[in-house]
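We will go from stop to stop, with something to select at each.

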Amino acid sequence: MVKPQLTAALLIVLFALSPAYGDFDSLQLVLTWPASFCDSNNCKRIAPKNFTIHGLWPDKEGTVLQQCKPKPNYVNFKDKMLNDLDKNWIQLKFDEDYGRDKQPLWVYQYLKHGSCCQKMYNQNTYFSLALRLKDRFDLLRTLEMHKIFPGSSYTFQEIFDAVKTATQMDPDLKCTKGAPELYEIGICFTKKADALIPCRPSNTCDRTGNIFFR
């Protein structure tokens, strides 16, 4: 027979090992290049010609936290916030009416990632923060200022160095699986999002060959 004290101690250990809200040390804003996304996905929306938000991901010591407890409730956005999200965090895989009504991408991202910073950021502040952080950067303009244009290939270092002129800290370039193609760019912040910090590399891009910027 298991002693009550032992059972209680085991529960405490299991709780400590499980993802807990607020237990994060940094945030990563992940921006997707829509042309690459839509090349490998069935997009129902016209791909915008600039980076769009994929998500705002809480990290813990370099590990992306997911599906943290307690599971938060998601309340559909309306009015101005709905329009701002539809412009900057576009749900490419869903037609516009369905996306605005059901908001599947935002629900998914909030439950998967937003749940892991819910102690510090509720639903409204989480999405508002993502929009505010995105507004700080125009990555396409930055790349073009460094002679990096869609439709051509460049070295990893050329893209990395160009983005770093805007972030001042190491970004995380993410490439498509099985193909040397730029897919996303991660920009990392402190948990309060009051300072930029270097991102840990995801190592999904070939650092020796050329990377296609679709």
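What is the relative accessible area of Arg214, and is Arg214 buried, exposed or partly exposed? Select Arg214: its relative accessible area is 30%, so Arg214 is partly exposed. The terms work like this: buried means under 20% relative accessible area, exposed means over 50%, and partly exposed lies in between (1.4 Å probe, protein chains only).

Before moving on, some ground rules. This is a predicted model, where local features need pLDDT of at least 70, side-chain atom pairs count only at pLDDT 80 or more, and totals for chains, interfaces and linings use all residues. Residues are numbered from 1 along each chain as its sequence is written, and side-chain values use heavy atoms, with hydrogens and water left out.

**Stop 1: Arg214 and its partner**

Arg214 and Glu181 form a salt bridge, with the closest N and O atoms 2.7 Å apart. A salt bridge here is a side-chain nitrogen of Lys or Arg within 4 Å of a carboxyl oxygen of Asp or Glu. Arg214 lies in the segment after strand S8 (210-213), and Glu181 in the loop between strand S5 (172-175) and strand S6 (182-190), so the bridge ties together parts 33 residues apart in sequence. Helices (H or I, at least four residues) and strands (E, at least two) are DSSP runs, numbered from the N terminus. Glu181 counts as buried, at 7% relative accessibility. Salt bridges that share partners join Asp39, Glu181 and Arg214 into one network.

**Stop 2**

The structure holds nine salt bridges. Select Arg100 and Asp86. Their side chains meet in a salt bridge (3.4 Å, N to O). Arg100 sits in helix H4 and Asp86 in helix H3, 14 residues apart. Arg100 is partly exposed at 25%. Asp86 is buried at 8%.

Next, pick Lys102 and Asp101. They form a salt bridge too, with the closest N and O atoms 3.9 Å apart. Lys102 is partly exposed at 46% relative accessibility, and Asp101 is partly exposed at 44%.

**Stop 3: helix H3**

Select residues 79-88, which are helix H3. Which residues of H3 are buried? Colour Met81, Leu82, Leu85, Asp86 and Asn88. These buried residues pack against strand S2 (52-60), helix H4 (96-102), helix H5 (104-112) and helix H6 (123-135).

**Stop 4: the aromatic rings**

A search of the whole structure finds 15 aromatic pairs. Rings of Phe, Tyr and Trp (its six-membered ring) pair if their centres lie within 6.5 Å; planes under 30 degrees apart count as stacked, over 60 as edge-to-face and the rest as tilted.

Select Tyr74 and Tyr110. The pair is tilted: 6.2 Å centre to centre, 55 degrees between the planes. Tyr74 is in the loop between strand S3 (63-64) and H3, while Tyr110 is in helix H5, 36 residues apart. Tyr74 and Tyr110 are buried.

Now pick Tyr126 and Phe127. This pair is edge-to-face, at 5.1 Å centre to centre and 90 degrees between the planes. Tyr126 and Phe127 are buried as well.

**Stop 5: a charge over a ring**

Select Lys191 and Phe24. Lys191 lies over the face of Phe24, 4.9 Å from the ring centre. The test asks for NZ of Lys or CZ of Arg within 6 Å of the ring centre and within 35 degrees of the ring normal.

**Last stop: confidence**

Colour by pLDDT, the predictor's confidence in each residue, from 0 to 100. The mean is 91, and 90% of the residues reach 70 or more. Then select residues 6-18, where the pLDDT is below 50.

Methods
Contact = heavy atoms within 4.5 Å.
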